[in-house]
Amino acid sequence: MLWLLFGLLFLVIVACCFGCCCEEGNYRSYLDAGVEIQLMRIVFALSTFGLLLLSLTAPNANAWGCKGHQTVALLAEKHLTPEAKKMVDALLSGNPIDPKLKRYCGDSVRDAMADASTWPDDVRNERKNGPWHYIDIPLGAERGSVEQYCGAEGCVTKAITENAAIVQDQNADPAKRADALRYVIHFVGDLHQPLHGATNNDQGGNCVPVNYLRRQARENGNSFSPNLHSLWDTAIVERDMEGADPAEFAETLDALFTRKIADWQKAGIHVDDWIWESHAYAVSTAYGALMPKIPVAASVTVHSCADDNNVGERLLRLHVAAGAAYQELASPVIEERIAQAGIRLAMILNEAAKPMP
Ligand SMILES: [Zn+2]
């Protein structure tokens, strides 16, 4: 909204400038050079300000909305060793979240781990670590080394490994360990959201407008609602939860996957394998089950849905739909990914709580 207002202001100023000059028929003779330079400076400054606002309000890839992240944390908590539980409780209660911080998911979440699970999204702009939440593996990529897709500013796999090491380091500053713990709790969730391990020049599906059930996709500035990413973060998850709160949903998933949990635990901690699982689900289901199918795009850098020749608007014209059949296909994937995230988060924390060799 802010940048829309700016855009209007910008247009009014430009219209005024050109209005003056057009009335006179000759811009250069009407304005002396000094005034002209001043005007150019103002327009330039306002453009820069507008671009800054645009970057701050660009669609965010947050992964699992509040309920998804909280479910991951609550499920993990059930599978912590007593040592890990003690470590988590001590770090979180000894180094609480700044009470002045605006919490997107509300500040009345009683469980400390569930509360911690959404903190990294609240400090995402302040700490400028947006790229830690995902890794942009192009839709057509062959499975291989993950590192080549991890940019200079980091990515979700690297962020998990580095922050888990800080949690494990008992000599590290406790406040830093607590932050690292909150990051691990959140990023293991993010990593399991299929669209955090894939992109098709569309910001991980953020620029893919999707008509979902009865809802028609709409454009608001350069963001779209619903969009493919938001469906997987929130809409499909919450419909699948059927009104259960995160604690109840964690219980349901724990019971549903009882048999598989032992296999996941036995397989051990392999962060790179886990992101390729996400990527495969993005290919097969998140993108694969859409109607009509979106062609795999040649890889270019996209910073907003206006880039790549207005990728968002181009896709809006495709009228991509996700109906009841899509929800049916996506729900079991989402349930498995949230359950795996919870179990694997517990595995990482149980490992981190072991005394260092
Ligand atoms: Zn995130």
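**Figure 1. The loop that holds P226, in a predicted model.** P226 is placed in the loop between β3 (223-225) and α10 (228-241). The peptide bond that leads from S225 into P226 is cis, and its omega is near -10°. Most peptide bonds are trans, and most residues other than glycine have a negative phi.

**Figure 2. The cis peptide bond between M291 and P292.** Omega for the bond from M291 to P292 is near -10°. P292 belongs to the loop between α13 and α14 (307-316).

**Figure 3. Positive phi at N201 and E242.** Neither residue is a glycine, yet phi is about 60° at N201 and about 50° at E242. N201 is part of the loop between α9 and β1 (211-212), whereas E242 sits in the loop between α10 and α11 (246-256). N201 has 18 C-beta neighbours inside 10 Å and therefore counts as partly exposed. E242 has 9 other C-beta atoms within 10 Å, so this residue is exposed.

**Figure 4. The largest nonpolar core of the chain.** The chain as a whole comprises 15 helices and four strands, and 39% of its 357 residues are buried. Of the contacts between residues at least 6 apart in sequence, 77% join residues at least 24 apart. The largest nonpolar core contains 81 residues, and V184 and V188 have the most contacts inside it. Helix α15 (residues 324-352) supplies the largest share of this core, namely 13 residues. Beyond its neighbours within four places in sequence, V184 is in contact with I160, N163, A164, V167 and I348.

**Figure 5. The crossing of α9 and α15.** The axes of the two helices come within 9 Å and cross at roughly 145°. The crossing of α9 with α15 is right-handed. On the α9 side, the contact is made by V184, I185, V188, G189 and H192. The residues of α15 that take part are R337, I338, Q340, A341, R344, L345 and I348.

**Figure 6. Helix α8 and its buried side.** Helix α8 (residues 156-168) consists of 13 residues and reaches 18 Å from its first C-alpha to its last, close to the 18 Å expected at 1.5 Å a residue. Its buried residues are V156, T157, A159, I160, N163, A164 and V167. These residues are on the same side of α8 because they cover an arc of only 155° around the axis. They pack against α9 (174-192), α13 (271-286) and α15. I160, N163, A164 and V167 are also among the residues in contact with V184.

How values were computed
Residues numbered from 1 in each chain as written. Predicted model: local features only at pLDDT ≥ 70, side-chain atom pairs only at ≥ 80, totals over all residues. Buried ≥ 20, exposed ≤ 12 C-beta atoms within 10 Å, placed from the backbone. Contact = placed C-beta atoms within 7 Å. Core = buried A, V, L, I, M, F, W, Y, C linked by C-beta atoms within 7 Å. Expected span 1.5 Å × (residues − 1). Arc of directions from axis to C-beta. Axes fitted to C-alpha atoms, helices over the stretch in contact; angles between N-to-C directions. Left-handed = near helix turned anticlockwise from the far one by under 90°.
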